[in-house]
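Here are some notes for a first look. Please keep the structure open while you read.

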Amino acid sequence: MCVFCWAQHALQHWGARMGLERRDDKVRERPVVLRKRRERIKSEANWPLFYYKFNQDHTLANLIWNHKTREELREGLENEIRAFNSDRDLSGNALIAWNHHEFEVQYQCLADEVCIGEYYLRLLLEKEDSLDSPIRRSYEFFNDLYHRFLLTMKPEMKCMCLQAMSIVYDRHHDDIGPFSDTKYIVSMLERCTDRMERDRLVQFIFKLILHRRNVKDIMDANGVRILVDLLTLAHLHTSRAVVPTQSNVIEAGPNMVRESEKEWHYGNSGERKGPVSFQEMRDLWASGALTLKTKCWAQGMDGWRTLQQVPQLKWCLLAKGTPVVNESDLATLVLNTLNAMCKYFPSRDPDDAIIRPLPRVKRLLSDSVCLPHLVQLLLTFDPVLVEKVATLLCEVLKDNPAVSTIYLTGVFYFILMYTGSNVLPIARFLQLTHTKQALKGTDTSDIMQRSVLGQLLPEAMVNYLENHGAEKFAQIYLGEFDTPEAIWNHEMRQVFDTNANREVGSAHRRVQSQATQQHSRVVKLLKDVLDAWTKEVEKKPPAMSIDDAYEDLNLRRGMQHEEATVRKAYYRLAQQFHPDKNPEGREKFEKVSRAYEFLCSRNLWTSQGPNPDNIVLILRTQSILFHRYSEGELSASSKPIEVGVQVCMHVTRCYSVAAQFQGCRDKMVEMPQLVKDLCHILYFKHLTRLCLVATECVSSLAVDSILQMQLLQAGCLWHLLLFMFSYDFTLEEGGVQRSEDANQQEVANRLAKLAVRACGRLGGYLTGDLESPNNPVAQDALNSLLTPYLARQLSLDKPEEILKILNSNCETPYLLWDNSTRAELSEYLEQQRHDKLFGETDPTYGTDFVYSIHSKELIVGGIFVRIYNEQPAYPIENAKGFTIDLLEFLASQSELLSGMSSVTLSTADNKQLQNIVMCLEALRNVIKNNAGTPNSRDKD
């Protein structure tokens, strides 16, 4: 090998050891890479849509974008460009780049918005039911909300977080999964003393049960007992709307007065005092005699507890803050929660096998502590609560061993004293439980022995419940029936109601007694005479005598035989002469059957038929009374079946048909007495069908402007508005099969609907086939009496919605309506009806009528400003018009502000100043919540 080659190899080995490589080798081993062709990358961003949306206003839970944010972005970009140009000029020839990674715009207009994650809480809560802004990364957002909830000390912020958590969990509970701190939430509910926080916690718990695993945590944390304790607050709701009590449902007696019972006991250091009433407990707390640690007890409690552990005392004496919902709505939410929990754990498996042990939630609800509270909730007589309690009891007591002792709670008395028409859930509860009680009756009938209702309802009604089911029983219970199968009417319900109240004793009836019309002595005597006449002529003589029946059964005459002996004789003869065995014995068999049926109908034994002497005496009395005192065919004692009433109905229908023709209407205009007589019929409210026909006639006559004024002058408006308060929306929503022939409330409901339509035609609100002339006088009257909001609803021709509002409590920016306003309007209408009988009437037709509760409110543009500030998210029909009205009001107060002294302000000045502040707040709310409202919504 040559020296050169040896040196080359030596250097190569040395280079390998040192990590050096020859350049030519490295180049030779480098892979050859072909240059890619230049490709034009297509942008995936939709910039035209971006620019289009950029110039629009957006108010979403995750985006607030308007002219203010655009202006702040423009100013931020301009400032950044100005600073960049300055830095570039100072850098000379050096190459500089923009630090875009740290560029950020601080939007000052959004500084007041509470933002958690990517969402603004205010808009998320306001748009609770909107799906325009779906929540992304729901799990992370839910955790952010809960983190903020735990950290904040402000009750308002806690409540906002709870409300937002309820919304997020409602929409995304499947993605979020079970909530690990459910027990902690339940313990917070037990400890909290803020009403708003309490309501938000209950709402959140209601959403948590959407996931089944959370239900177990609620039960483990004693949540069922805590929720049931909250149900007792429903008894403290005093402004509950009362369902009208008609003659087809149970009527309260005149002596049923709600009293404050002395049932509370208290004591300190072993000393026991009481009993005292709930109001006295309030006074003792105010005076300092009661403290948080004072031991208290009342009947129904499982033992003595400290004052702060008793829900009624805790939430009335200790609690602070403003509740989100009233006590009845809170109880409704709790009942919905308990019902949903029970449905997770049915009493039977898919193979219809009874599950044992009984599901835990049902064991908790049926124990001696929780069950009485559920049953006593029936005494609120609130339609929604009664329906939900009946449904919950059915769910809890199905295949439950505790069903046999449910009668000890008084549930059967309480539930049958309910006055509403939504009785189908009640009927289902009765069907489930009435024959399963550990209590036997004394009646000889088998069903009457097995049913706890045997001592409360007639045998026919109990048989209907057992044999025909809940739906048929509810139909009979609400109706008027006089058939061989069932005799049931409102007089029988009155007797039952009186007996039930005697049995209940100290239970507080919360049913408003139906007002009874006061009659003069003469009218009362006439009514009694007519009733006696009806009873006398309806008497039927017995088909046979008792001795004849005994003789047909081959029993000895002239002596009393035991029922067992009679039954044995009947069975022996029936077998002997049955046509299947003895074809020639049919006549004898029928004779024996009639005799046995007669002997079984004991109420026929004492009936001797009409007494001719009594009939003659009643006829003479009628003749004398009518001769001396009758002023017309109709009176307060008139019956619907009387000839005079039927004649009036047929004549009124004729006028209704005749009003469709112009020539007939022209003749009616020349007969003003016709309208007066028609309106006089409306005084007889007890003749519901006659009033219904007369109301239809009023609606037909309202097609003529002259007849409209004649009707107003005759006072028909007073009657029509009063008819509206006879509406029972629970009958419409109860799901019970009904007919006008068997259900008087159905007739009253139709009368109320026709009264709404008649008012709409009197004012000229309706269009189409129901169109009538516009009447400003009637419209002004309806605006004052029904409020402008309800008067506007007349144009929609949806009487059910208007009537439900009229007979419920409502507080919105457009309407403030409660028991006091209903009572005030009813009193005014009754007074006008009474004055009209004596020729006096309100010349303004009620246009000067003002509700006392409304006179204390600031109303601008038909909106209650105070309520709107409390409900700023409430949708406004004409936001632009309301804004203009607020500005005009503030402009009218400018002189007052300029001349107002800051040193001494009178009471009137302070009131006006408060009104100005409320208007300014309302102006801020309407602008904030209606940004970018399109002009198409405006009505100006």
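1. The protein chain has 43 helices and 14 strands. Helices (H or I, at least four residues) and strands (E, at least two) are DSSP runs, numbered from the N terminus. The model is predicted: local features need pLDDT of at least 70, side-chain atom pairs count only at pLDDT 80 or more, and totals for chains, interfaces and linings use all residues. Residues are numbered from 1 along each chain as its sequence is written, and side-chain values use heavy atoms, with hydrogens and water left out.

2. The chain holds 940 residues, and 45% of them count as buried. Buried means under 20% relative accessible area, exposed over 50%, partly exposed in between (1.4 Å probe, protein chains only). Among contacts with a separation of 6 or more, 70% join residues 24 or more positions apart. Contact means heavy atoms within 4.5 Å.

3. Strand 7 (residues 295-298) pairs with strand 8 over 2 bridges, in the antiparallel sense. Two strands pair if DSSP finds at least two bridges between them. C296 stands opposite R305 in strand 8, and K295 stands opposite T306. Strand 5 and strand 7 also run antiparallel, joined by 4 bridges. There, W264 has A298 of strand 7 as its bridge partner.

4. Which side chains of strand 7 are buried? C296 and A298 are, and they point to one face.

5. Check the cysteines. A disulfide is a covalent bond between the sulfur atoms of two cysteines. The cut-off used here is a pair of cysteine sulfur atoms within 2.5 Å. The structure holds 0 disulfides. For C679, the closest cysteine sulfur is in C716, 4.8 Å away, too far for a bond. C679 is buried, with a relative accessible area of 2%. C394 is also buried, at 17%.

6. L231 belongs to helix 11 (residues 223-231). L231 is buried, with a relative accessible area of 0%. Leaving aside neighbours within four places in sequence, L231 is in contact with A331, V334, L335, L338, L374 and L377. L231 and V334 are 103 residues apart along the chain, yet their C-alpha atoms are separated by 7.1 Å.

7. S699 is in helix 31 (residues 688-701) and is buried, with a relative accessible area of 9%. Not counting residues up to four places away in sequence, S699 touches R757, A758 and R761.

8. How many cavities of 30 Å³ or more does a search of the whole structure find? It finds 2. A cavity is a set of points, on a 1 Å grid over the protein atoms alone, where a 1.4 Å probe fits but cannot get out; lining residues have an atom within 4 Å of a point. The largest cavity has a volume of about 40 Å³. Its lining includes A474, Q475, L478, V736, R738 and N743.

Terms used. 1 Å grid on protein atoms, 1.4 Å probe; cavity = no way out; pocket = protein on both sides within 12 Å on 5 of 7 lines; lining within 4 Å. Points joined across faces, edges and corners; volume = space filled by probe spheres on them.
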